[in-house]
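Please read its numbered points alongside the sequence and the coordinates.

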There are 2 protein chains.
Amino acid sequence: MDQRIVYFLSDQTGVTAETLGHSLLTQFNSQNFRQVTLPFIDTRDKAREAVKRINASGISKSLRPIIFSTLVQDDFREIVREANGLHLDIFDVFLDPLAEELQEEPTHEPGRAHGMSDIDAYMKRIEATNFALANDDGGISSNYDMADIILVGVSRSGKTPTCLYLALQYGVYAANYPLTDEEFENGELPEVLVDQKHKLFGLSIAPDRLRQIRKERRPLGRYSSAQQVSYEIRETDKLFRRYGIPHVDTTEISIEEIASRILESTGVERRVRP
Amino acid sequence: MDQRIVYFLSDQTGVTAETLGHSLLTQFNSQNFRQVTLPFIDTRDKAREAVKRINASGISKSLRPIIFSTLVQDDFREIVREANGLHLDIFDVFLDPLAEELQEEPTHEPGRAHGMSDIDAYMKRIEATNFALANDDGGISSNYDMADIILVGVSRSGKTPTCLYLALQYGVYAANYPLTDEEFENGELPEVLVDQKHKLFGLSIAPDRLRQIRKERRPLGRYSSAQQVSYEIRETDKLFRRYGIPHVDTTEISIEEIASRILESTGVERRVRP
């Protein structure tokens, strides 16, 4: 079927336009979208260039483009509006009602959403990321005192990407500790975790899915065998029950969803916001 | 001044509502916002609970709440609309024009934006994250063939968080290699990097800022001395010039912005989209 080009226009990174657009586009199943981000449209020339590019793409295609934009400055918005396509702009729609509600004029300054307007927030994210890296896979366990959350689960249950996401997105300090044969044979958690029991959060996963993921890493051997995988998951469930550790099943959910479920369940506050 | 509570309502993670809301709120400087995410509103009961919570917060405050929502299902949206506050909902506003343009009914299925609707995209992000970790800080350099981008720069110039962000957000394979005294003394890059020159991208940073960041890590010693920092940055610039490496100054920009600048400059395609 015909391809529909979707543009994400921004005077900054394009992250907001991409996120908004993606949420809306996933509501339509039968389309063939090609997605193009045009970031840093922060001069009139760049705005005109974007219009040219969009109109050129429209000529060769039968379907007009869809344009998600988050341009803060009125004059650039006006230029871009000349592009042929369906325009969906969050500032067009939401800025006026918000300004009226807040009884304040918007600054119309670009680059405030994902820029460095807040150095403090930037440093928090970097520090949280460093913390996640230092405390990955049971690495250091000497500074669990600083952790907001300590994720526990078997190898490949999603601990590392979830910790990194929590750090980068929300500045949350997340450590992770892998459950291995040592814990399973003892039937208990190490002292260093028991001391921080209130911070523990478990990731569980269905055996078939875990095997599939592990096989991509190491196709042969005990690590990805049905027997080992079932054993590890069974023993992990026992540990979760024994210590009353809240947990979420990661089998069919995304990194964002795991992270949101953890924050919702634990009540840990986001230190920064995207 | 009075605090204004801002709610992010979602039937899923809340990431879209948070991102949209944040972009809009940063346009207003003189406000005191408290932000609360209410994710996973996927039953009528949860929708009613959210309304109760919002209305309760409204009673004790003089200012009515602002409600950013991304609820896909009409019946939940209707319940939530009863909450007292300013409602800003992307589906209310954008879904109809988009459906008309695409000549397709929206599915109204929740959880498609940041869910696991696309296992393939999930795996790509995880694999890219594993790649970034394995190739962090010059770690392994044997699989640079697989890299989309190899970031080079001095210690604490932002390489690691940028690589992780590129992986988690876009599934891009980003390695990084720290420039140290070894490269500076030789005045050249190691063979393994020269072989991949077309993939190199540099991160530069202002001396004062670098010193500030390094001091937080190690307050004393050569690492954060003015002399050492200036030397490293001067030598790095020489290397960037000698090899014609494109680069971006990270001094005043966010992780998102560094990532977007790199993708824009290199033309590397996003493997997945947020």
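Does A:Phe40 count as buried, exposed or partly exposed, and why?

1. A:Phe40 counts as partly exposed because it has 18 C-beta neighbours inside 10 Å. In these terms, a residue is buried if 20 or more other C-beta atoms lie within 10 Å of its own, exposed if 12 or fewer do, and partly exposed in between, with C-beta atoms placed from the backbone.

2. On provenance, this is a predicted model, in which local features need pLDDT of at least 70 and side-chain atom pairs count only at pLDDT 80 or more, while totals for chains, interfaces and linings use all residues. Residues are numbered from 1 along each chain as its sequence is written, and chains are lettered from A and ligands numbered from 1 in the order in which they are written.

3. A:Phe40 is located in the loop between strand 2 (32-38) and helix 2 of chain A; helices (H or I, at least four residues) and strands (E, at least two) are DSSP runs, numbered from the N terminus. Its phi is near 55 degrees, a positive value in a residue other than glycine. Most residues other than glycine have a negative phi.

4. A:His108 also deserves a look: its phi is positive, at about 55 degrees, although it is not a glycine. A:His108 sits in the loop between helix 4 and helix 5 of chain A. It is partly exposed, because 15 other C-beta atoms lie within 10 Å.

5. A:Arg44 belongs to helix 2 (residues 44-60) of chain A. With 13 C-beta neighbours inside 10 Å, A:Arg44 counts as partly exposed. Leaving aside residues up to four places away in sequence, A:Arg44 touches A:Asp75, A:Phe76 and A:Ile79; residues are in contact if their C-beta atoms, placed from the backbone, lie within 7 Å. The C-alpha atoms of A:Arg44 and A:Leu200 are separated by 52 Å.

6. Turning to the two chains, the contact takes 61 residues from chain A and 61 residues from chain B. Among the elements that each supply at least two residues of the side of chain A that touches chain B are helix 1 (15-25), strand 3 (66-70) and helix 11 (255-266).

7. The same surface serves both copies, since 100% of the contact residues of chain A recur in chain B.
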